[in-house]
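Let's walk through this structure together, from a handful of residues out to the whole chain. Please keep the viewer open as you read.

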Amino acid sequence: MAGSSFGTLVRLTTFGESHGKAIGGVLEGIPAGFVLDFDQIQNDLDRRKPGQSAIVTQRKESDQVQFLSGIFEGKTTGTPIGFLIENEDQKSKDYEELQKAYRLSHADFTYQQKYGIRDHRGGGRSSARETASRVVAGAIAKQILAQKNIRIDAFVDQIGSLKWTGEWNSGLKMVSESTLVRVPSLELAEQMEELIREIRKEGDTIGGRIRCVIEGVPVGLGEPVFDKLHAELGKAMLSINAVKGFEIGSGFDSISMRGSEHNDVFTTDGKTRTNYSGGIQGGISNGMPIDFRVAFKPVATIMREQETINENFESISISGKGRHDPCVVPRAVPIVEAMAALVVLDYFLIQNAYQ
């Protein structure tokens with residue numbers, strides 16, 4: 001199976017399945033001599049892990065990361081950083097009926113047809129459990145970027161039809177992280193939490209959107225043709241489980257705008273009065289905040305009976321069992337931050353190599 005590695009100079013390879021003994025990764029390209037804050041890494045894992053509130057899956061995982069290589073006396077050595085996260089709370093019996101049945105809108109059917117074999121327990125390699133490894137790598141990348149005064153903040157700005165329409169500033173990060181849904185509004189958080197609870201009672205799921213703002217990015221990151229910075233960010237976000245859309249700057253709203261209103265007019269300090277470009281022009285960062293949004297579909301596993309097919313292509317009925325998120329979006333915030341950090345650090349080091 002290809003496709004388990006991401007990045008150029010900063011390159012992450014992940015391994016493991018949802019109900020295997022462990023998941024983990026190998027992170028290459030991290031400069032030597034960097035002092036790691038292990039509490040920050042664990043904090044990001046805690047923001048992603050299951051069982052953290054009543055509105056997410058109740059699978060219980062401590063998600064304690066074990067570093068195996070690439071670190072000596074708290075500092076990076078410049079060699080590949082190997083790490084492991086043990087799986088502790090699998091309930092594989094919940095998936096017994098899926099040995100021959102295909103869940104709707106999951107990877108069950110496509111994996112079986114492509115490889116002729118699949119791990120049906122929790123989705124195996126296709127499970128969002130894999131993203132914990134991304135969070136470890138991204139947490140390291142975020143720490144290095146912070147030393148370069150580059151800050152990455154992601155937060156929920158929509159659940160279902162409920163939208164946050166305020167103006168973002170980094171001071172709102174504390175507000176968003178204080179709510180179960182990670183939205184920068186206490187009032188809207190209550191409405192979103194109630195909506196998710198109602199959806200869960202109905203045995204259903206709902207989607208949402210995460211916005212990410214990256215501040216302090218210097219001018220010049222990215223390449224003008226195939227390796228545009230926003231193209232790599234789009235690839236990174238679309239590789240996350242359940243993501244169905246990516247837009248940057250004005251995004252799809254630009255369709256209804258005229259060029260005269262959409263153009264970002266320069267000021268004499270090289271900044272722009274507006275940021276419809278989302279901080280990237282011609283595939284290259286322009287010094288303005290990079291601002292993008294990521295759309296997540298409703299979780300495919302629902303606690304309702306639906307028609308599907310089995311491995312013999314016979315029509316059968318199936319309903320979800322086990323522990324699943326009614327809305328995956330709040331737990332995905334640190335994943336979006338992690339993938340954004342890996343992209344920006346990779347392009348930062350590529351630019352430094354040019355210079």
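Where does Asp264 lie? Asp264 sits in the loop that runs between helix H7 (259-262) and strand S12 (280-281); helices (H or I, at least four residues) and strands (E, at least two) are DSSP runs, numbered from the N terminus. Before going further, a word on the source: this is a predicted model, in which local features need pLDDT of at least 70 and side-chain atom pairs count only at pLDDT 80 or more, while totals for chains, interfaces and linings use all residues. Residues are numbered from 1 along each chain as its sequence is written, and side-chain values use heavy atoms, with hydrogens and water left out.

Is Asp264 buried or exposed? With a relative accessibility of 10%, Asp264 counts as buried, because buried means under 20% relative accessible area, exposed over 50%, and partly exposed in between (1.4 Å probe, protein chains only). Setting aside neighbours within four places in sequence, Asp264 is in contact with Thr272, Thr274, Asn275, Tyr276, Ser277 and Gln281, where contact means heavy atoms within 4.5 Å. Two of these partners deserve a click. The side chain of Asp264 makes a polar contact of 2.5 Å with the side chain of Thr274, and another of 2.7 Å with the side chain of Ser277. A polar contact here is a pair of N or O atoms within 3.5 Å; within protein, one must be able to donate a hydrogen and the other to accept it, and residues adjacent in sequence count only if both atoms are side-chain atoms.

Next, turn to helix H3. Lys142 lies in this helix, and at 17% relative accessibility Lys142 is counted as buried. Which side chains does Lys142 join through polar contacts? One is Asp44, at 2.8 Å, and another is Glu337, at 2.9 Å. Beyond four places in sequence, the contacts of Lys142 are Asp44, Arg47, Ile152, Glu337 and Ala341.

Gln143 also lies in helix H3, which covers residues 131-147. Gln143 is buried, with a relative accessible area of 6%. Leaving out neighbours within four places, Gln143 is in contact with Phe34, Val35, Leu36, Asp37, Gln40 and Ile41.

One more loop is worth a visit. His19 is placed between strand S2 (11-16) and strand S3 (22-28), and its relative accessibility of 7% makes His19 buried. The C-alpha atoms of His19 and Lys148 lie 38 Å apart, and these residues are 129 positions apart along the chain.

Now zoom out to the whole chain. The chain has eight helices and 16 strands. Its radius of gyration is 21 Å, close to the 20 Å that the globule rule gives for 355 residues, so the chain is as compact as a globular protein of that length; the radius is taken over C-alpha atoms, and the rule is 2.2 Å times the number of residues to the power 0.38. Along its principal axes, the C-alpha trace spans about 65 × 50 × 40 Å. Buried residues make up 52% of the 355 residues. Of the contacts with a separation of 6 or more, 70% are between residues 24 or more positions apart.
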